[in-house]
Amino acid sequence: QNSSPTDDPAMKPWHELDEDFKQSNRKQADHMYIKLQAVNCGLEPLISWDESLFSFTPAEVEKLAELEHIRWVEERTEDGWKPGVKNKELKTTPWLIPYSQLPEEMKEFDRDPVRNIPALLARIDLKVVRVKETTDN
């Protein structure tokens, strides 16, 4: 069951989002640098707007999506959410489970934001770069 902005309160435009969804988005953005470090990436100023956007490998997307899901589960749990049928008022959701147990369509909710990291950063003149590992001789 795919959601659309008309039936999912989490998929509305920013100005229409409830404050708890806005706060969740802010926390997701705060976690971006931790995710980049996890796949040996960093940030640099975007100087050439003609260069192509950075792309994560499929394996990196999976690793980052799992990190995002872990972050989301921790956020929800700290806010008092419990496993159960999806109900915002009761703070229950069926997705407080390990990433590996999520159905593919739910994994996409974690993959999409990480795939979009390079485009989001480009909007504020930053780019994702691979960090070169240094070896001391």
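The second largest pocket is lined by Ala-29, Met-32, Leu-120, Leu-121, Arg-123 and Ile-124. A pocket here is an open set of points on a 1 Å grid over the protein atoms alone, where a 1.4 Å probe fits, with protein on both sides within 12 Å along at least five of seven lines; lining residues have an atom within 4 Å of a point. The volume of this pocket is about 220 Å³, taken as the space filled by probe spheres set on the points, which are joined across faces, edges and corners. Its lining divides into five nonpolar residues, no polar ones and one charged; Ala, Val, Leu, Ile, Met, Phe, Trp, Tyr, Cys and Pro count as nonpolar, Asp, Glu, Lys and Arg as charged, and the others, Gly among them, as polar.

The model is predicted, with local features needing pLDDT of at least 70 and side-chain atom pairs pLDDT 80 or more, while totals for chains, interfaces and linings use all residues. Residues are numbered from 1 along each chain as its sequence is written, and side-chain values use heavy atoms, leaving out hydrogens and water.

What makes up the largest nonpolar core? Its twelve residues are Met-32, Leu-36, Val-39, Cys-41, Phe-54, Phe-56, Val-61, Leu-64, Val-114, Ile-117, Leu-121 and Val-128. Such a core is a set of buried Ala, Val, Leu, Ile, Met, Phe, Trp, Tyr and Cys residues joined through side-chain atoms within 4.5 Å, where buried means under 20% relative accessible area, exposed over 50% and partly exposed in between (1.4 Å probe, protein chains only). Leu-121 also touches Met-32, Leu-36, Leu-43, Leu-126 and Val-128, residues up to four places away in sequence not being counted; contact means heavy atoms within 4.5 Å.

Helix α3 (residues 58-78) holds Val-73; helices (H or I, at least four residues) and strands (E, at least two) are DSSP runs, numbered from the N terminus. With 21 residues, α3 reaches 30 Å from its first C-alpha to its last, close to the 30 Å expected at 1.5 Å a residue, the expected span being 1.5 Å times one less than the number of residues. Val-73 is among the buried residues of α3. Beyond its neighbours within four places in sequence, Val-73 is in contact with Trp-95, Leu-96 and Ile-97. Val-73 and Leu-96 are 23 residues apart in sequence, yet 5.7 Å apart in space, C-alpha to C-alpha.

Finally, the backbone angles. Asn-40, though not a glycine, has a positive phi of about 55 degrees and sits in the loop between α2 (32-38) and β1 (41-45).
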